[in-house]
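The sequence and the model are shown first, and the description follows.

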Amino acid sequence: MSKVEDFLTQAEEQAIVEAIRVAETATSGEIRVHIEKSSELPAYDRALEVFHLLGMDQTQLKNGVLIYVAVKDRAFAICGDKGINDLVPTDFWESTKEIMASHFKNGNFKQGLIDGITKAGEQLKTYFPCQEDDQDELSNEISKGE
Ligand code: CA
Ligand code: CA
């Protein structure tokens, strides 16, 4: 379990992309997942970097959320844009992180990501309900690094 390609099967990836699509039907927030092997930076710092690399700071309401996973490091982080951070309490993502961590500990990465995405969508809904003219501002596809 050290290669990004071995982390999730094709079917698992599709299930995750579908979870993002469904989560985004309830909120204007935009959720993305980035998976890579390892990073020299702490997970959250790297997540912030990837967030900008992916242009996730370009949403209209500044409400993009990145779920970042470093497979080999067994580390992950959740990073939201300014629009979210300005509104929510500082422990906003704790419950989502706990759900993910409990699945990851058991090696259940697919379910950890799906439940994390679902929970993140529910959390976002309170502050960023879906808008009538909603657009898919950021791709739902999983982004993969080295
Ligand atoms: Ca959207
Ligand atoms: Ca999207």
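Which residues have the most contacts inside the largest nonpolar core? They are V33, I35, L113 and I117, in a core of 31 residues. A nonpolar core is a set of buried Ala, Val, Leu, Ile, Met, Phe, Trp, Tyr and Cys residues joined through side-chain atoms within 4.5 Å. Buried denotes under 20% relative accessible area, exposed over 50%, and partly exposed in between (1.4 Å probe, protein chains only).

This is a predicted model, in which local features need pLDDT of at least 70, side-chain atom pairs count only at pLDDT 80 or more, and totals for chains, interfaces and linings use all residues. Residues are numbered from 1 along each chain as its sequence is written, chains are lettered from A and ligands numbered from 1 in the order in which they are written, and side-chain values use heavy atoms, with hydrogens and water left out.

Helices (H or I, at least four residues) and strands (E, at least two) are DSSP runs, numbered from the N terminus. Helix α6 gives the largest share of this core, 6 residues. A second, separate core of 11 residues includes F51, M56, A77 and L138.

Residue I117 touches I16, A19, I20, A23, I31, V33 and I67, not counting residues up to four places away in sequence. Contact here means heavy atoms within 4.5 Å.

**Helix α2**

Helix α2 comprises residues 10-23, and its end C-alpha atoms are 20 Å apart, in agreement with the 20 Å that its 14 residues should span at 1.5 Å a residue. The expected span is 1.5 Å times one less than the number of residues. The buried residues of α2 are E13, I16, V17, A19, I20 and A23. Because they cover an arc of only 155° around the axis, they lie on the same side of α2; the arc is that of the directions from the helix axis to the C-beta atoms. These buried residues pack against β1 (30-36), α6 and β4. On the other side of α2, Q10, A11 and Q14 are exposed.

**The calcium sites**

Donors are N, O and S atoms within 2.8 Å of the metal (3.2 Å for Na, K and Ca); water is not among the atoms, so sites may look incomplete.

| Ion | Protein donors | Distance from the ion |
|---|---|---|
| Calcium ion (ligand 1) | E30 (OE), D134 (OD), D134 (OD), Q135 (O) | 2.2 to 2.9 Å |
| Calcium ion (ligand 2) | E24 (OE), E24 (OE), E30 (OE), D136 (OD), L138 (O), N140 (OD1) | 2.1 to 2.7 Å |

The two ions lie 5.5 Å apart, and E30 bridges them. Residue E30 is in strand β1 and D134 is in the loop between α6 and β4, 104 residues apart, and the pair links distant parts of the chain. With a relative accessible area of 1%, E30 is buried, whereas D134, at 31% relative accessibility, counts as partly exposed.

Along the chain, the donors of the calcium ion (ligand 2) follow the spacing E-x5-E-x105-D-x1-L-x1-N. Residue N140 lies in the loop between α6 (109-127) and β4 (143-144), and its relative accessibility is 12%. Leaving aside neighbours within four places in sequence, N140 is in contact with V17, I20, R21 and E24.
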